[in-house]
Amino acid sequence: MSSQDADQQFRVLPSGEGRPVPVPQAQPGLPCVFCDRSSLTTVLHETPAYLLIADHAPLVEGHLLIIPKEHYACYGAVPAALDEELQALKRLVSRFASRFYAPLLFWEHGVFGQTVFHAHLHCIPFGVASYQQRLERLAAVATPVREQEEIRRWYRQQGHYFYLEDSQQALLFPPDPHCYREVLYEVLWKSLSPEQQRQGWQRKEVRLRGGAGWPVATARKWEQFYREEKRHAYTDRSCAG
């Protein structure tokens, strides 16, 4: 699920249930691919603290990643001074997705399940405004999140987590493998198209080939979107005098 060196790869359960099961691919001894800017070939936008890139092996067209420039283990380790900039960037990519794709799902492994050990937030236009009904069975173990400080507090006190946010709610989940599989199945898996579900979760190498045109298409649409954003901002300033 990630750019460069896939965050997570999946296989289908032998039972035929069709539920994705994470296959760990962690290689923590390798250099950080997100710190090596030369390897990031799909950078769309840059702010003082963050990079926005088109995922190199996307699940769907429009799949983006928000990455802090400094190396942090996860968003639970990103300092509060960068919160406002992060929220502004999330609002920007949400407008982009609404303009060209569909409502976004924000997803973060939060160290639990990572293979790229550098904070990165997936922004995936799956097109469902709220996943609340799908997650009713897991409501008892999920912790609602209202601000980034709650993620930092969890990380300081309890360590690993994974994080899910839609237009209606943001939730922290404990690093429980069963819970993780359920969220993957109820949210990510069920959000795929019927054709994608028939194919099953694709390995990174397959996604790189099959979705090779998606990052390019995403970049073109981002260029158009960003030109429009700047034009609107200029018009608003002119009207304000």
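**Exercise 1.** Find how many cavities of 30 Å³ or more a search of the whole structure gives, and work out what lines the largest one.

*Solution.* Step one: the search turns up 1 cavity of that size. A cavity here is a set of points, on a 1 Å grid over the protein atoms alone, where a 1.4 Å probe fits but cannot get out. Keep in mind that this is a predicted model, where local features need pLDDT of at least 70, side-chain atom pairs count only at pLDDT 80 or more, and totals for chains, interfaces and linings use all residues. Residues are numbered from 1 along each chain as its sequence is written, and side-chain values use heavy atoms, leaving out hydrogens and water.

Step two: the largest cavity has a volume of about 50 Å³, counted as the space filled by probe spheres set on the points.

Step three: lining residues (an atom within 4 Å of a point) include Tyr75, Leu86, Lys90 and Glu165. H1, H2 and strand S9 (162-165) each give two or more residues to this lining.

**Exercise 2.** Work out how helix H1 sits against helix H2.

*Solution.* Start with the angle: H1 (residues 83-100) and H2 (residues 148-158) pack at about 120 degrees, axes 10 Å apart. So H1 is oblique to H2. Next, the contact (heavy atoms within 4.5 Å): H1 brings Asp83, Leu86 and Gln87, while H2 brings Gln148, Glu149 and Arg152.

Note on methods
Axes are lines fitted to C-alpha atoms, for helices over the stretch in contact, and angles run from 0 to 180 degrees between N-to-C directions. Helices (H or I, at least four residues) and strands (E, at least two) are DSSP runs, numbered from the N terminus. Angles under 35 degrees count as roughly parallel, over 145 as roughly antiparallel, 65 to 115 as roughly perpendicular and the rest as oblique. On a 1 Å grid over the protein atoms alone, a cavity is a set of points where a 1.4 Å probe fits but cannot get out, and a pocket is an open set with protein on both sides within 12 Å along at least five of seven lines; lining residues have an atom within 4 Å of a point.
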